[in-house]
Amino acid sequence: MEARDATAGSLESSDGEEQTAKEDAAPTKDTPQTKGKFEKIFGFRREDLTSWDSLVTLLNRPSDPASLGIFRCLFGLLMVIDITQERGLSHLDYKFMDGAPVCRFPLFNFLKPLPLDWMYLVYVVMFFGALGIMLGCFYRLSGLMFISSYWYIFFLDKTAWNNHSYLYGLIGFQLTLMEGNRYWSIDGLRRPSIRNAQVPLWNYTILRTQIFIVYFLAGIKKLDADWVEGYSMSYLAHHWLFDPFKVILPVELINLLVVHGGGLILDLSAGYLLFFDATRPYGIFFVSYFHCMNSQLFSIGMFSYTMLATSPIFCYPDWPRRFFARFPAFLSAVLPITSMDPQPSTSCVYNEIQSTSTERQETPTVPKASKMRLKHKLGAIFTILYIMEQFFLPYSHFITQGYNNWTNGLYGYSWDMMVHSRSHQHVKITYKDGTTGEIGYLNPGVFTQSRRWKDHGDMLKQYGTCLNEFLPRYNISEPEIYFDIWVSINERFQQRIFDPRVDVVKADWSPFRPNTWLMPLLVDLSPWRTKFQEIEGSLDNQTDIVFIADFPGLNLENFVSEDLGNTSIHVLQGKVNVEVVEEKKNYTLTPGEQIKVPAGAYHKVYTVSEGPSCYMYIYVNTTEAALQENFTKLFELQERVRNGTETEPLPPELQPLITADDEGSEVNATDPIVQLFLKRQRRMKEVKKRREAGAVERLQRFAVKKYYTIRRGLLMTAIALRNLAVGLPPLEQLTREVAFANMKAPQAEGNQDDPLKDEVGHGEL
């Protein structure tokens with residue numbers, strides 16, 4: 001994927017006049033060449049692809065370093081910020097829990113985290129590497145520092161993998177091999193020979209192709225039936241960001257046309273729109289709007305801002321010179337170079353031996369390479385192999401078969417962003433003592449902070465092996481571990497993802513063979529999702545429903561809480577046998593039949609048909625319903641008190657309703673229902689206040705939150721480095737230091753820890 005080069009031909013200036021770009025590599029006799037239609041569109045000639053030498057010459061064509069330098073600076077800055085946030089520096093002690101029994105999920109089982117203080121040192125190396133990239137200071141060393149520590153941390157924890165974290169590592173690797181320090185860098189100040197020196201075109205080619213792949217393959221993955229039919233991210237349509245569309249469209253069409261249809265079209269077309277001159281302004285507008293929305297929809301760290309920073313890479317490489325030339329002259333000392341004359345570089349291939357023109361004698365003449373050298377060929381080979389590898393990896397699932405679950409491959413590098421959302425209804429971990437035969441149950445997530453293991457066979461194997469190592473400490477000998485995990489993917493039936501009869505400790509798993517204890521996704525039942533919507537639409541707001549599908553020969557053991565009244569099972573397909581454990585009774589149900597199951601008791605549902613059974617639980621949370629009814633009555637009473645229509649005096653337990661509007665007053669009610677109501681009212685008021693806050697207040701709140709996040713990371717890092725240098729201080733001193741680092745900004749009662757009901761987190765990146 002080649003783009004036009006500002007030093008290789010005529011450019012269109014911002015005021016619409018065509019100007020001829022002066023070639024630094026121009027010979028003394030400089031005759032303008034007429035470009036063909038193909039070259040005007042793609043930036044290179046067909047002849048450039050006809051032989052190996054011409055292709056090497058093309059990929060090493062001299063290009064302006066300005067755009068690459070600005071991107072290098074922005075990427076380094078964003079990574080500096082990202083290290084304290086998504087990379088986890090601010091909560092590193094909670095992430096690695098030094099000395100605690102923790103189950104971990106590295107890519108390779110031999111990878112282990114270092115002691116906590118040393119992990120802080122690894123993050124310091126990564127931080128200074130990112131800072132060096134941003135400043136262009138000791139550039140190669142900084143790049144190596146960043147990518148070595150980054151990929152170590154990345155491979156150390158698969159539960160944190162996502163596509164954009166993978167992308168950061170790829171870009172860091174690319175920049176390390178490129179010549180990003182030729183423009184606006186400290187290295188350029190130290191070494192005049194590289195300052196403002198041209199860079200080979202392959203530097204831009206790889207970056208542009210990488211971003212094209214991110215967009216285009218994300219679009220290809222969205223051609224999946226679940227995305228096209230609007231089941232992948234249906235909850236997004238209810239977000240407030242889509243309120244403008246709700247003026248003209250119902251939520252169902254917003255979900256289908258705007259969220260899913262718009263996302264598909266944008267991803268498929270973004271790379272092409274950004275590449276061509278005529279469509280680039282539209283491409284930059286649409287992708288900028290898209291990423292700004294994503295920054296509000298999802299908690300994805302610096303990804304939206306990183307993608308915004310990549311868009312100018314598709315512009316002519318000299319755009320920073322023309323942009324910064326508009327600034328006042330007195331700022332030139334701190335702004336990037338605006339001279340239109342980048343100096344030649346031996347990293348590029350020129351058509352013939354050339355010298356600087358007489359009109360630029362203020363710039364010293366630099367020897368230029370006219371023949372291809374080994375490094376030029378290696379740069380071309382690397383470019384071709386890297387691009388081929390990036391197109392191949394997202395479809396290499398036939399190799400990494402052990403990672404194929406209900407989604408293919410080693411998650412996090414396939415660019416299948418937002419294509420799958422999951423919900424978990426039931427997770428049960430059963431252990432069996434291999435010596436005594438005793439059976440017991442473990443709290444899901446014991447010995448780990450992650451929840452992602454539930455969806456991936458390789459992590460489940462690692463988790464089961466880890467539990468097998470820890471449980472003997474609790475007098476459980478030779479434990480067998482069984483997992484019963486129920487998942488719904490893209491609004492399908494809740495069904496088992498792994499065989500609950502398999503001891504995961506002894507189960508075979510290989511990255512190169514299919515997982516034999518993975519249960520198949522019941523895609524034949526996908527058409528039921530339309531019926532689900534009809535059934536859910538017929539229920540009132542107090543009634544909930546769960547759709548279940550199960551395999552022949554298996555059973556679901558379930559406990560109905562006493563809060564759930566009127567719980568019933570309705571069979572949709574197949575044949576089931578319902579056993580009420582306490583009553584020791586069995587009931588056989590066929591499609592269309594139903595049975596009420598008792599609250600506060602266990603029951604089992606056996607699938608006795610030849611094919612999978614499908615049924616649904618319909619229930620009402622009677623406790624919550626009664627609470628909501630009381631809240632409604634208290635709200636109506638409070639409204640009558642406020643407008644003066646309530647004539648009866650309030651009893652003492654309801655008196656707090658009168659003073660509830662007083663700012664700063666504490667909730668002091670003796671009746672627990674009234675106390676819950678007042679806290680709820682105050683929380684809703686605070687949420688409304690935050691939503692209606694102005695831009696300045698929002699920015700201030702954002703800045704304060706980030707300040708305390710970064711502050712904790714830096715202080716804890718300082719403590720760790722001090723410990724490495726001089727040893728641990730007394731425990732009392734260390735406790736005080738950590739408490740000081742943990743200090744947070746004062747928050748209102750309705751703080752950010754209270755999740756908003758209509759803002760749901762993303763399913764998968």
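Strand β5 is joined to strand β6 (residues 439-442) by four bridges, and the two run antiparallel. Here helices (H or I, at least four residues) and strands (E, at least two) are DSSP runs, numbered from the N terminus, and two strands pair if DSSP finds at least two bridges between them. The model is predicted: local features need pLDDT of at least 70, side-chain atom pairs count only at pLDDT 80 or more, and totals for chains, interfaces and linings use all residues. Residues are numbered from 1 along each chain as its sequence is written, and side-chain values use heavy atoms, with hydrogens and water left out.

Contact means heavy atoms within 4.5 Å. Axes are lines fitted to C-alpha atoms, for helices over the stretch in contact, and angles run from 0 to 180 degrees between N-to-C directions.

A second open sheet is formed by four strands in the order β9-β16-β11-β14, and its pairing is antiparallel. The edge strands are β9 (543-550) and β14 (594-596), each pairing on one side only. From one strand to the next, the twist averages 20°. Strand β11 (residues 564-573) is joined to β14 by three bridges, and Ile 569 has Ile 595 of β14 as its bridge partner. Helix α18 (residues 528-537) packs on the sheet, touching β9, β11 and β16 (613-621), and its direction makes about 160° with that of β9. Helix α19 (residues 622-643) lies across β11 and β16 and runs at about 35° to β16.

For "transmembrane region", the unreviewed UniProt entry lists residues 120-153, 253-276, 296-316 and 378-395. UniProt positions are given in the numbering used here, feature names are shortened, and annotations may be inferred rather than shown by experiment. The span 253-276 is 96% helix and 0% strand, and its end C-alpha atoms lie 32 Å apart. Over residues 296-316, the chain is 48% helix and 0% strand, with end C-alpha atoms 30 Å apart.

The structure holds 27 salt bridges, each defined as a side-chain nitrogen of Lys or Arg within 4 Å of a carboxyl oxygen of Asp or Glu. One of them joins Asp 267 to Lys 222, the closest N and O atoms being 2.9 Å apart. This pair links distant parts of the chain, 45 residues apart: Asp 267 is in helix α12 (residues 251-275), and Lys 222 is in the loop between α9 (202-221) and α10 (225-228).
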